[in-house]
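Visitor: I am new to this structure. Please take me through one part of it up close, and then show me how that part sits in the whole.

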Amino acid sequence: ESSALTKKESFLLLFNIGKHKNLGTLVRSAAAFGVSEIFCLEAKKKGKQLTFGSQGTEQQMDFRIFNNLGQIKEYTKEKGISICGIELVHDAQPLHSNPFKGSTLFMLGNEGTGLNENQ
């Protein structure tokens, strides 16, 4: 029996974000865009920084904590969730040119350095 999701959902990964004030902004944006769940790495290290600036929207969101990117890869594969890296680079493809066929995890690059080698 497959454990894949039965409806299309969107997820956001909070990882490698340089400025803690941006975390809350991303949580607010995720709530506004109807993100189903926020995936977090190293959440214990960040503590309250994770929701700094979220203006209470973190109470509307579901969070799933992972210890490393490998766990996220395993979970998304098990659930049939595609991973989409978001980054501003010259050869990046616009999101609208690649319609999504199922549930998707959006992984953002760092504000200054973009996606790292492990992402």
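Guide: Ile17 counts as buried, because its relative accessibility is 9% and the cut-off for buried is under 20%. Keep in mind that this is a predicted model. Ile17 sits in a loop. Now look for Leu108. Ile17 and Leu108 are 91 residues apart in sequence. In space, their C-alpha atoms are 8.2 Å apart.

Step back to the whole chain. It has three helices and five strands. Read from the N terminus, the order is β-α-β-α-β-α-β-β. Of the 119 residues, 34% are buried. Take the contacts between residues at least 6 apart in sequence: 72% of them join residues at least 24 apart. The accessible surface comes to about 7,900 Å². Carbon and sulfur atoms hold 49% of that surface.

One more pair deserves a stop. Side chains of opposite charge can pair when their charged atoms come close. A search of the whole structure turns up one salt bridge. Its partners are Arg64 and Glu37, at 3.2 Å from N to O. Arg64 belongs to strand E3 (residues 63-66) and Glu37 to strand E2 (residues 37-41), so the bridge ties together parts 27 residues apart in sequence. Glu37 is buried, at 11% relative accessible area. Arg64 is partly exposed, at 30% relative accessibility.

Methods. Residues numbered from 1 in each chain as written. Predicted model: local features only at pLDDT ≥ 70, side-chain atom pairs only at ≥ 80, totals over all residues. Heavy atoms only, no water. Salt bridge = Lys/Arg side-chain N within 4 Å of Asp/Glu carboxyl O. Helix = DSSP H or I, 4+ residues; strand = E, 2+ residues; numbered from the N terminus. Buried < 20%, exposed > 50% of the residue type's maximum accessible area, 1.4 Å probe, protein only. Contact = heavy atoms within 4.5 Å. Areas by Shrake-Rupley, 256 points an atom, 1.4 Å probe, with all protein chains shown as cover.
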